[in-house]
There are 2 protein chains.
Amino acid sequence: MTTIKDIARVAGVSVTTVSRALNGYDDVNEATRRKIMQVAKDLNYSPNILARGLVMNKSKTIGLLVSGLNRQSAKDHFTFEVLSGINECVSEKDYDLVLFSTNSTKQREKTYSQLCRERRVDGVILSGIKTDDPYLQEVVDSDIPCILIDIPILTDTVGYVTTDNVLGAKKAVDHLIRLGHRHIGMINGHNLAFVSERRLEGYKESLNSAGLTFNPDWVVNGDYNEDTAREEAVKLLTLYPEITAIFCASDLMALGVLKAAKQLDRNLPEQLSVAGYDDIQLASYASPPLTTVSQDKFQLGYQAATMLIQMLEGSGQPHALILETQLIERESAMKR
Amino acid sequence: MTTIKDIARVAGVSVTTVSRALNGYDDVNEATRRKIMQVAKDLNYSPNILARGLVMNKSKTIGLLVSGLNRQSAKDHFTFEVLSGINECVSEKDYDLVLFSTNSTKQREKTYSQLCRERRVDGVILSGIKTDDPYLQEVVDSDIPCILIDIPILTDTVGYVTTDNVLGAKKAVDHLIRLGHRHIGMINGHNLAFVSERRLEGYKESLNSAGLTFNPDWVVNGDYNEDTAREEAVKLLTLYPEITAIFCASDLMALGVLKAAKQLDRNLPEQLSVAGYDDIQLASYASPPLTTVSQDKFQLGYQAATMLIQMLEGSGQPHALILETQLIERESAMKR
DNA sequence: TTGAAAGCGCTAACAG
DNA sequence: CTGTTAGCGCTTTCAA
């Protein structure tokens, strides 16, 4: 493997000069530079970025720490789209992306910052982490630049990007109300996600501004899981037959509600309106196609990476970015 | 950041001893080792793997080079599931995964081996690469250990894992024939994928062993794209109304055919049977649910990583692995 | 069982 | 504009 030493020898200059020429410094004679470039090409040189990282104390690498990257979670491709967005940005900016995963018990033994420091990543993006995850606290404490997806924490070294979940939920519930529904249930996710909290708040706000009273019994947790949501929906609809519409904190759970309705012989959307959240790919293929709140997952990732690299390259403080959502009206909700 | 030097100082030994103790060599006094371990923990030490990589000349990192990781390709989550499988294996074996992506024009300027050598990855997995991709030739030439997904090339340093595409296609077409179809068209992908070739071959074999003649006019390319497939299917079905069943080289294209049928007012499955390939998530949600050939994408990734790490750790030659597929009978194909 | 010393490939003062 | 020198954090002979 060719090194700058080899180039120096062949070109008849010192390694310093080679380094400078290769890195585009302008204090190199143009002829010398050309010569060096030529030799580098001839020798098929590639820089050893481990060596460079070692001396510069940065690796031009960002880490991605996710929990949603395993066989089970394949159905809801949220993580994947976020990843695509991150990847896009990172490759434009000439960084590399290394994937940490928290699913293996082995890795679990390592702390968050150990993971990052060992790999010498310059910064890290966290996604799909629950609020009780021990990693999360470490983030706030550690001094590694970090962007959180969907967790609103802002410190000297951590920023976040998320969508406007309150408004998003409000859009969906407003829509149901506009369609004439007065008895609207909600299937929320679980209590370990900030987004659940926010979406619940949006639901309440919407009811409130329409003069409807909030009934806590009409809100149940479906754990962001299709089947749990189905079970919970069956219970809910059986217990409170007056409910004519359900807002779900995720499309996956809305799919579960669709199944619950079928199970209870309630026709959709005539006898039950359903709205979801996320606009996952499946949403438009469900029958009936799901009315939902779309969030741009790719953009979530893209912006997270952009923000992180901005922090890394010194242009300022970490900050927060809140993306818009969009109500997608399809056929799972109708006028009553 | 703590280094072994710090540990050495505090523990009152030399860096050599620290290194040996930390790496579990047995020529260290047990008391010394305990002391060192304790100091390391106290100082919250994490090894600098860049430095280690530099001297050992390996990075415990494997690269993933894919082309299917961008906004457009999100629909068919093949790449994502492969990635999950790779990630699972890699984290079990305590390697890290770095993502290269070929979508940025910038990266395009770098050759395959440059990418790998710069990052000092120990080996690389390629997926979603077309057969005319310039990277591909480089693989064969370079000496970097490499596993290809779905490209059957076997050399000293490159192995592959794929599924039995001939048999898979045969299963689907056999099924259509068994249902009584005699006029079976095929929507293939494009000519730049080995799998297309193989699936076509399976189609031919199936026809052949049923005594049906192969008609090249009944085979068109849909470019693995839903909409192209739809267009091509419309043309095909208009030109050859005698066709009663279509085998598609991917589910995504089968979805396109479903749309084409709707467009032509042909009821599915009564007036047209369709079989797909892949068993993507959407397949079971389509209406009618898609009869298809399932391949275990997670396993594809998992096995590729396993094989690569095996090669890396010296236990033998690269080799080939061919996974089974499974016919999934749903409702898009019926007896005639 | 331990330590001194060399060196992996690179960048960065500093001096000329 | 160019070279000398030191050193990033680690592993690994070699010698004690």
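Here follow questions and answers on one helix and the cavities of a predicted model.

Residues are numbered from 1 along each chain as written, with chains lettered from A in written order. Local features need pLDDT of at least 70, side-chain atom pairs count only at pLDDT 80 or more, and totals for chains, interfaces and linings use all residues; side-chain values use heavy atoms, without hydrogens or water.

Visitor: Which residues of helix H1 of chain A are buried?
Guide: Buried means under 20% relative accessible area, exposed over 50% (1.4 Å probe, protein chains only). Helices (H or I, at least four residues) and strands (E, at least two) are DSSP runs, numbered from the N terminus. On the other side of H1(A), Lys5(A) and Arg9(A) are exposed. In H1(A), residues 4-11, the buried ones are Ile7(A), Ala8(A) and Ala11(A).

Visitor: Why do the buried residues of H1(A) line one face?
Guide: An α-helix has 3.6 residues a turn, so residues three or four places apart point the same way. The arc is taken from directions running from the helix axis to the C-beta atoms. The buried residues of H1(A) line one face because they fall within an arc of 100 degrees.

Visitor: How much space lies in the largest cavity?
Guide: A cavity is a set of points on a 1 Å grid over the protein atoms alone, where a 1.4 Å probe fits but cannot get out. Points join across faces, edges and corners, and volume is the space filled by probe spheres set on them. Three cavities reach 30 Å³ or more. The largest holds about 170 Å³.

Technical notes:
On a 1 Å grid over the protein atoms alone, a cavity is a set of points where a 1.4 Å probe fits but cannot get out, and a pocket is an open set with protein on both sides within 12 Å along at least five of seven lines; lining residues have an atom within 4 Å of a point.
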